Amino acid sequence: MFLLAIVGPGADKLEDEVDWIVVGDGNDPSRFLCTTSHPNDPLEEVIGMANAFDADRGGVEQVFL
């Protein structure tokens, strides 16, 4: 995974938690993940952004929690 786009209420808080879990304090350059939060954006717009970001890397997968 190279992009995690989080949509919905609380997306910004969840993004921060994921960043701390995956990236931590940033001392290990191999532990990188691009994250974005979209608490007020429509899902369709975020999917469009993710598809543009994907640029032939294998497609976007949606996970709903």
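**One residue in its setting**

Modeller: Of the contacts in the chain with a separation of 6 or more, 57% are between residues 24 or more positions apart, where contact means heavy atoms within 4.5 Å. What you see is a predicted model, in which local features need pLDDT of at least 70 and side-chain atom pairs count only at pLDDT 80 or more, while totals for chains, interfaces and linings use all residues. Residues are numbered from 1 along each chain as its sequence is written, and side-chain values use heavy atoms, with hydrogens and water left out.

From the N terminus on, the elements follow the order β-α-β-α, and the chain has two helices and two strands; these are DSSP runs numbered from the N terminus, with at least four residues of H or I for a helix and at least two of E for a strand. Strand β1 (residues 3–7) pairs with β2 in the parallel sense over five bridges, and two strands are said to pair if DSSP finds at least two bridges between them. Between them the chain passes through helix α1 (residues 11–22), giving a right-handed β-α-β crossover; right-handed means that, with the strands pointing away from the viewer, the path from the first strand over the helix to the second runs clockwise.

Is His38 buried or exposed? His38 counts as buried because its relative accessible area is 11%, and the limits are under 20% for buried, over 50% for exposed and partly exposed in between, with a 1.4 Å probe and protein chains only. Across the chain of 65 residues, 20% are buried.

Leaving aside residues up to four places away in sequence, His38 touches Ala5, Ile6, Val7, Gly8, Ala11, Val46 and Met49. The side chain of His38 also makes a polar contact of 2.8 Å with that of Thr36, a polar contact being a pair of N or O atoms within 3.5 Å; within protein, one must be able to donate a hydrogen and the other to accept it, and residues adjacent in sequence count only if both atoms are side-chain atoms. Thr36 is in turn the bridge partner of Ala5 in β2.

Met49, one of the residues touched by His38, lies in helix α2 (residues 43–54) and is partly exposed, at 27% relative accessible area. Met49 and Ala5 are 44 residues apart in sequence, yet their C-alpha atoms are 9.1 Å apart in space.
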